[in-house]
Amino acid sequence: MPTMADVARTAGVSVATVSHVLNGTRPVLPHTRQAVLDAVDELGYTPNTLARSLVTSRTRSIGLAVSAISNPYFTEILQGVEAGALEHGYSLLIADPHDDPEHERKVVQLLHERRVDGMIVAPSADPRELVAYLTRHEVPTVFLDRVVEGAGGVEEPEDDAGPPSGGPRRFDQVCAESTRPMAELVTHLAGLGHRRIGLVAGLPGLSTTAERIAGYRRGLTASGLPHDPHLIVHGDSESAGAEVATAALLALPTPPTALVTANNTMTIGTLRTLRARGLSVPDDLALCCFDDFAWADLFAPRLTAIAQPSREIGTEAVRLLLERLAAPDRPTRTLRLPCAFVHRTSCGCAETGEYGRPASRSQSSQSKGTVS
């Protein structure tokens, strides 16, 4: 089995240079780096990861804790995290916290005990124990999809975007914008003549839920429509919950003529309830949804949706974590990525061919969204 010394001899460099190239511990000239990599390929050299971790106190592994891995949105985030990790020579250990605060703390502890170098976590609706554990053990961590109040750096506010940011600077965070895109869905429906627009909101306590409710209200205000609290129901971010929530909206004395669902799994539940009632979209009820997904184009009608940059959220989370590992004392950042408005026909519009225009126009010129 070839050794690091064999690689150094073949590349014509020192063993220390080979180590710097393979471990990323010091910049190396491009031609020297390539010579080392060519020697690694030629000899079929495989680094001894266990031995290296004992010397460097690094395992080159990342812990990923996200709920509902079966959800296509989180599956795409996972793909982005995996791609970013592999690109930089890191492996992944994955756990599902099931959006349960107690289980969340347990799985994060298990990942930590396996000596991951850092973690990427989609926090639950009550992340107090999670934050306390990560803070106590000084675990380098990036929160993704959902922001935790007071956990990250100060960001540009989204006006009434829900939980305020700021406070102690401890964790980097990356997510999609929620408020402006949701407001755009509502103003779009209002522009089509709808005056009673219902919202099937997500699980209470999640930042995404609060921000999308704020966006819904902003859209009503911008359209000159009153705020009726009966038109907001919680589907708890699940298909079954959305079925019950949609039924409650349809049972109102004056039911809505249009619905907005706040994530993709709730869209499925809403459609299931509408079908069970014999209601047609958009003839009987217009529908827009937050979260696009691969088969949204296959529904009849095709679903008008907000598409989140899920893969990019994953890759950006890895980038922020690796930068944190390289510079532990740098200021934390909260990064928001722009979404896209995918205009199809479930809203009641005819086919336009206008797909994927930016939903947050003020952000569309920034390839990396809002950084703080």
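What share of the contacts in the protein with a separation of 6 or more comes from residues 24 or more positions apart? Taking contact to mean heavy atoms within 4.5 Å, the figure comes out at 69%. The model behind it is predicted: local features need pLDDT of at least 70 and side-chain atom pairs count only at pLDDT 80 or more, while totals for chains, interfaces and linings use all residues. Residues are numbered from 1 along each chain as its sequence is written, and side-chain values use heavy atoms, with hydrogens and water left out.

On confidence, pLDDT (the predictor's per-residue confidence, from 0 to 100) averages 86 over the protein, and 85% of the residues score at least 70. Residues 156-169 fall below 50, though this stretch still has 43 contacts in the model beyond near neighbours in sequence. Residues 360-368 are below 50 too, with 19 such contacts. Where pLDDT is low, the predicted coordinates should not be read in detail.

As for the overall build, the protein has 12 helices and 13 strands, taken as DSSP runs numbered from the N terminus (helices H or I, at least four residues; strands E, at least two). Of its 372 residues, 51% count as buried, where buried is under 20% relative accessible area, exposed is over 50% and partly exposed lies in between (1.4 Å probe, protein chains only).

Now for the inside. A nonpolar core here is a set of buried Ala, Val, Leu, Ile, Met, Phe, Trp, Tyr and Cys residues joined through side-chain atoms within 4.5 Å. The largest one holds 69 residues, and I120, L144, V174, I197 and Y216 touch the most other members. Helix α12 (residues 310-326) gives this core its largest share, seven residues. Setting aside neighbours within four places in sequence, Y216 contacts M182, V186, I197, G198, L199, L231 and I232. A second, separate core has 16 residues, among them V107, L111, V139 and F143.

Charged pairs come next. With a salt bridge defined as a side-chain nitrogen of Lys or Arg within 4 Å of a carboxyl oxygen of Asp or Glu, the count is 16. D172 and R324 form one of them at 3.1 Å, N to O. This pair ties together distant parts of the chain, 152 residues apart, with D172 in strand β5 (residues 172-176) and R324 in helix α12. D172 counts as buried because its relative accessible area is 0%, and R324 is buried as well, at 8%. Shared partners also join E316, R319, E323 and R333 into one salt-bridge network. R146 and D145 pair up at 3.4 Å, N to O, and both are buried. K106 and E102 meet at 3.6 Å, N to O; they sit about one helical turn apart, because four residues separate them in helix α6 (residues 101-113). At 42% relative accessible area, K106 is partly exposed.

Finally, T17 lies in helix α2 (residues 15-23) and is buried, at 14%. Its side chain makes a 3.0 Å polar contact with that of S14 (a pair of N or O atoms within 3.5 Å; within protein, one must be able to donate a hydrogen and the other to accept it, and residues adjacent in sequence count only if both atoms are side-chain atoms). Beyond neighbours within four places in sequence, T17 contacts V28 and T32.
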